[in-house]
Amino acid sequence: LQDLTKDCQAVISCLGHNPNFRGLYRAGYFVSDATKELGAAINSNDGSDDDDNKGGKDGGCRFIVMGSDGITHPDGVTDSKRPCMERFVLFLLRKLLPPHADNEMTAAYLYQQQQQEQQEPPSS
């Protein structure tokens with residue numbers, strides 16, 4: 001993955017679960033797992049001293065994840081409070097449909113990575 005993302009300015013992930021029984025209840029959380037692996041590859045390339053890797057606003061590669069319907073902001077305060085019935089439906093989706101939980105874990109991982117990057121001092 002490092003070689004595939006080496007000179008990329010952006011990576012777009014359109015991974016998702018197939019809308020059938022096997023796709024919805026597949027063992028594991030492959031979207032969040034793939035996001036972690038891609039993130040590690042992108043971060044290892046961003047840490048290099050290669051001047052050709054100039055993607056993103058700070059010189060790094062942008063990572064875009066598609067298919068985040070129904071996901072609230074992981075910080076818990078940015079989104080406005082949802083009505084009780086909507087929160088209940090999302091709770092059911094999270095518990096009954098593994099793809100929804102997988103997308104939530106993906107969003108939480110990306111948010112945590114962004115928070116860590118903002119706390120790190122800039123390298124000189």
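Tutor: Accessible areas here come from the Shrake-Rupley method with a 1.4 Å probe, and for residues only the protein chains shown count as cover. On that basis, the accessible surface of the protein chain is about 8900 Å², with 53% belonging to carbon and sulfur atoms. This is a predicted model, in which local features need pLDDT of at least 70 and side-chain atom pairs count only at pLDDT 80 or more, while totals for chains, interfaces and linings use all residues. Residues are numbered from 1 along each chain as its sequence is written, and side-chain values use heavy atoms, leaving out hydrogens and water.

Student: What makes up the protein chain, in helices and strands?

Tutor: The protein chain has 5 helices and 2 strands, in the order α-β-α-α-β-α-α from the N terminus. Both kinds of element are DSSP runs numbered from the N terminus: helices are H or I with at least four residues, strands are E with at least two.

Student: How do you know whether Ser13 is buried or exposed?

Tutor: Ser13 has a relative accessible area of 5%. Buried means under 20%, exposed over 50% and partly exposed in between (1.4 Å probe, protein chains only), so Ser13 is buried. Ser13 lies in strand β1, on the covered face with Val11, while Ala10 and Ile12 form the uncovered face. Of the 124 residues of the protein chain, 23% count as buried.

Student: What makes β1 and β2 a pair?

Tutor: Two strands pair if DSSP finds at least two bridges between them. β1 and β2 are joined by 4 bridges and run parallel, so they pass that test. Val65 in β2 is the bridge partner of Ser13.

Student: Which residues does Met66 contact, beyond its neighbours within four places in sequence?

Tutor: Contact means heavy atoms within 4.5 Å, and Met66 is in contact with Ile12, Ser13 and Cys14. Met66 sits in the loop between β2 (62-65) and α4 (84-96). Met66 and Ser13 are 53 residues apart in sequence, yet their C-alpha atoms are 6.1 Å apart. Met66 itself is partly exposed, because its relative accessible area is 43%.

Student: Why do the side chains of Glu104 and Arg94 count as a salt bridge?

Tutor: A salt bridge needs a side-chain nitrogen of Lys or Arg within 4 Å of a carboxyl oxygen of Asp or Glu. Glu104 and Arg94 meet at 2.6 Å, N to O, so the pair qualifies. This pair, 10 residues apart, links Glu104 in helix α5 with Arg94 in helix α4. Glu104 is buried, because its relative accessible area is 16%, whereas Arg94 is partly exposed at 32%.

Student: How many salt bridges does a search of the whole structure find?

Tutor: The search finds 2 salt bridges. Glu86 and Arg82 also meet in one, at 2.5 Å, N to O. Glu86 is partly exposed because its relative accessibility is 34%, and Arg82 is partly exposed too, at 21%.

Student: How does the span of α5 relate to the expected value?

Tutor: The expected span is 1.5 Å times one less than the number of residues. Helix α5 (98-119) has 22 residues and reaches 32 Å from first C-alpha to last, close to the 32 Å expected. Its buried residues include Pro99, Tyr109 and Gln113.
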